[in-house]
Amino acid sequence: MDNWFRSVWFIRIISLILAGLLWVTVNVDDNMDSDSLIFNDTSSDMEVMDNVPLEIRFDSDEYVVSGLPQEVSVTVEGPPSAVTPVVRQQNFEVFVDLMEYGPGTHEVSLQHTGISNQLAVTIEPKTIEVTIEEKVGEDFEVSVDYLNESTMSGELEIGDPEVTPSTVQITGASSIVERVASVKAIIDVGEADSTIENQEAPVKVYDNQGNELNVLVDPNEVTVTVPIVERMKQVPFQLEGVGGAPEGVIVNSLNSEVQQITIYGSQETLASIEEFPPIEVDLTEVTEDQTVNVKVPVPEGVKRVDPETIEVQIDVEQVQTDEEDTEA
């Protein structure tokens, strides 16, 4: 055996065999790489992803941006092994970077991050036109708007509402804030039969055409109390003596400290009454100055009256009758 290792021909033969094995190994690897390249070049998938959210990068403390779509379409093309995870996971971002832009209208390109560089990426739209405006904030008073007011009972009406807080801050693009015409809290009164207390209501902002404006409202809800009260009206009245005073008694006057009667009822009924019907005072047993309680009648169509009774001061004088003159 030692003689073999010392033999030049033995060493040459072994070297030749090892060289052959090395050649075979290298060629097999090259062929496999070549096949792989051919496979990759010829096998490709394409997928379209719609409704991909668009991220906006800008100074939100200073500016407001308009003209941007909320979603875009993204198409990826390349090896199936790279396309599939992107489509399934969608853990990438499509964004527009406006950090270097100031107020004005600009055409900018959409960008993406998180997608393998093995893939060809197409974003639709490729570019967009955006408008950047300075952000402004202004305080506005909140008024109350009512839903279903027409379905309320005709005998009820809405009093003056209380809104807390009474003002809110509107923040947005300067051109939008300038259009603010009204700021309203919305309250549904359709089924209300008593005061609505401490109801949370959303705040809506409108221009002078009644269009709702897209602005930030702080706070975006307020607390509203709406008095729901009986519909009422105060009307004057006259006192009318009836029945006739006893013989020898003359009634000089009928007076009451009450000057008006409050009537309650529907809007139509109240509108038809300008003066309360005369309140009758019975004089048949009046012989001297006195104060009497008189019940106030409830006119037809009126739900109730206030007060229900009034005090009437009767001023009289006595005169001699013919009988008394004869006896004298």
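The structure is a predicted model, in which local features need pLDDT of at least 70 and side-chain atom pairs count only at pLDDT 80 or more, while totals for chains, interfaces and linings use all residues. Residues are numbered from 1 along each chain as its sequence is written, and side-chain values use heavy atoms, with hydrogens and water left out.

**Overall make-up**

- The chain contains 6 helices and 25 strands; helices (H or I, at least four residues) and strands (E, at least two) are DSSP runs, numbered from the N terminus.
- Of its 328 residues, 30% count as buried. Buried means under 20% relative accessible area, exposed means over 50%, and partly exposed lies in between, with a 1.4 Å probe and protein chains only.
- The accessible surface of the chain is about 21300 Å², and 45% of that belongs to carbon and sulfur atoms. Accessible areas come from the Shrake-Rupley method with a 1.4 Å probe, and for residues only the protein chains shown count as cover.
- Among contacts in the chain with a separation of 6 or more, 70% are between residues 24 or more positions apart. Contact means heavy atoms within 4.5 Å.

**Nonpolar cores**

- In soluble globular proteins, nonpolar side chains tend to be buried together.
- A nonpolar core is a set of buried Ala, Val, Leu, Ile, Met, Phe, Trp, Tyr and Cys residues joined through side-chain atoms within 4.5 Å.
- The largest nonpolar core has 27 residues, and those touching the most other members are Val-168, Ile-170, Val-183, Ile-187, Val-205, Val-222 and Val-224.
- At least two residues of this core come from each of strand 9 (143-147), strand 12 (167-173), strand 13 (182-188), strand 14 (196-206) and strand 16 (221-226). Strand 14 gives the most, with 4 residues.
- A second, separate core has 23 residues, including Val-76, Val-86, Leu-98 and Val-108.
- Leaving aside residues up to four places away in sequence, Ile-170 touches several residues, among them Val-136, Phe-140, Val-183, Val-205 and Val-217.

**Strand pairing**

- Two strands pair if DSSP finds at least two bridges between them.
- Strand 13 and strand 14 run antiparallel and are joined by 4 bridges; Ala-185 has Val-203 in strand 14 as its bridge partner.
- Strand 14 also pairs with strand 16 in the antiparallel sense, over 5 bridges, and Gln-199 stands opposite Val-224 in strand 16.
- Strand 1 (residues 45-57) and strand 4 (residues 93-97) run parallel, with 4 bridges between them. Leu-54 stands opposite Val-94 in strand 4.
- Strand 4 is joined to strand 6 (residues 111-113) by 3 bridges, and these two run antiparallel. The bridge partner of Glu-93 in strand 6 is Thr-113.

**Val-96 in strand 4**

- Val-96 lies in strand 4 and is buried, because its relative accessible area is 0%.
- Apart from residues up to four places away in sequence, Val-96 touches Leu-54, Glu-55, Ile-56, Arg-57, Leu-68, Val-108 and Ser-109.

**Salt bridges**

- A salt bridge is a side-chain nitrogen of Lys or Arg within 4 Å of a carboxyl oxygen of Asp or Glu. By this rule there are 9 salt bridges.
- Glu-93 and Arg-57 meet through their side chains in a salt bridge of 3.2 Å, N to O. Glu-93 is in strand 4 and Arg-57 in strand 1, so the pair ties together parts 36 residues apart in sequence.
- Arg-179 and Asp-207 form a salt bridge with their closest N and O atoms 3.0 Å apart. Arg-179 counts as partly exposed, at 41% relative accessibility, whereas Asp-207 counts as buried, at 7%.
- Glu-155 and Lys-303 form a salt bridge, with 3.7 Å between the closest N and O atoms. Glu-155 is in the loop between strand 9 and strand 10 (156-158) and Lys-303 is in the loop between strand 23 (290-295) and strand 24 (304-306), so the pair ties together parts 148 residues apart in sequence.
- Salt bridges that share partners join Glu-155, Glu-230, Lys-303 and Arg-304 into one network.

**Nonpolar surface patch**

- Ile-13, Ile-14, Ile-17, Leu-18 and Leu-21 make a nonpolar surface patch of about 470 Å². Patches are made of residues with over 30% relative accessible area and no salt bridge, with like charges joined within 9 Å and nonpolar side chains (Val, Leu, Ile, Met, Phe, Trp, Tyr) within 5 Å.
- Leu-21 is in helix 2 (residues 8-42) and counts as exposed, because its relative accessibility is 52%.
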